[in-house]
Amino acid sequence: MRILLAEDDDVLSDGISQALRQSGFAVDQVLSGLDADHALTQAPYDLVVLDLGLPQMDGLEVLKRLRSRGEPTPVIILTAREGLKNRVTGLDIGADDYLTKPFDLPELEARIRALLRRGNWGNSIEITYGPIRFDTVGRRVLVHDQPFELSARELSLLETLLQRVGRIVTKENLAEHLYGWEDEFSHNTIEVNMHRLRKKLEPVGINVRTIRGLGYLLENPTT
Ligand code: CA
């Protein structure tokens, strides 16, 4: 699951991103409305967290443009306490939920999960593969109906592999899905985390193949 966070307060933005990444979401941070608008035309997002008071283009305009392109991406708007009028306008022009600043991060995360669960936004909410059931919103994995412990990075790796069963996933694909733009990553980090994921999957009979020089492959269970 990939989230766009448009918030010009960089301390708040970093705090939100860090919390969401720890839960295994990929987060792209933008600090202006113009950058938000641009990002939304470039890549598909599963959800947008949108501050209304943004430089260059305000959040309402970003939202209006998004909806005018017919994009149903769920949007949570962040408003200042005194921003009642904007909040109402925001909901009128297609925001799905709002939070008034200041708010607690667990509250934001709960709203995000609720929104992601509410609709079918293109990505399926639960992915099944052999004995695995992956709840992409709750960021939980069950194997044979038992909880299966994975780190946030291992979760993201597995999610990307599961979304592309039968196809080779390159390290570039994984890097793109794993981390937001701001994150440092290296091929080595991916290899280390893939090694750990594979060790955990082996006992349940799931084999992640390495295609040398190309990437990784989770084979179709029927072949
Ligand atoms: Ca602001």
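Reader: What makes Asp135 and Arg117 a salt bridge?

Author: The closest N and O atoms of Asp135 and Arg117 are 3.1 Å apart. A salt bridge is a side-chain nitrogen of Lys or Arg within 4 Å of a carboxyl oxygen of Asp or Glu, so the pair qualifies. The model is predicted: local features need pLDDT of at least 70, side-chain atom pairs count only at pLDDT 80 or more, and totals for chains, interfaces and linings use all residues. Residues are numbered from 1 along each chain as its sequence is written, and side-chain values use heavy atoms, with hydrogens and water left out.

Reader: How many salt bridges does the rule find across the interface of domain 1 and domain 2?

Author: One salt bridge is found across that interface. A search of the whole structure gives 19.

Reader: What makes Lys101 and Glu7 a salt bridge, and what does the pair tie together?

Author: Their closest N and O atoms are 3.0 Å apart. Lys101 lies in the loop between strand E5 (97–100) and H5, and Glu7 in the loop between E1 and H1, so the pair ties together parts that are 94 residues apart in sequence. Helices (H or I, at least four residues) and strands (E, at least two) are DSSP runs, numbered from the N terminus.

Reader: Where do the bounds of domain 1 and domain 2 lie?

Author: Domain 1 covers 2–121 and domain 2 covers 126–218. Such bounds come from an automatic or database domain assignment. The C-alpha centres of the two domains lie 27 Å apart. Their contact (heavy atoms within 4.5 Å) takes 17 residues from domain 1 and 15 residues from domain 2.

Reader: What area do domain 1 and domain 2 bury between them?

Author: They bury about 1,100 Å², 50% of it on carbon and sulfur atoms. Buried area is the accessible area (1.4 Å probe) that two parts lose on being put together, summed over both. Of the area that domain 1 buries against domain 2, Arg21, Gly24 and Arg117 supply 33%, more than any other three residues.

Reader: What does the side chain of Arg113 reach?

Author: The side chain of Arg113, a residue of helix H5, reaches the backbone oxygen of Val137 at 2.4 Å. Leaving aside neighbours within four places in sequence, Arg113 is in contact with Ser23, Phe25, Val137, Gly138 and Arg139.

Reader: Why is the chain called as compact as a globular protein of that length?

Author: The chain has eight helices and 12 strands. Its radius of gyration, taken over C-alpha atoms, is 18 Å, close to the 17 Å that the globule rule (2.2 Å times the number of residues to the power 0.38) gives for 223 residues, so the chain is as compact as a globular protein of that length.

Reader: Which peptide bond is cis, with omega near -5°?

Author: That is the bond from Lys101 to Pro102, and Pro102 is found in the loop between E5 and H5.

How values were computed
Polar contact = N/O pair within 3.5 Å; in protein donor to acceptor, adjacent residues only side chain to side chain.
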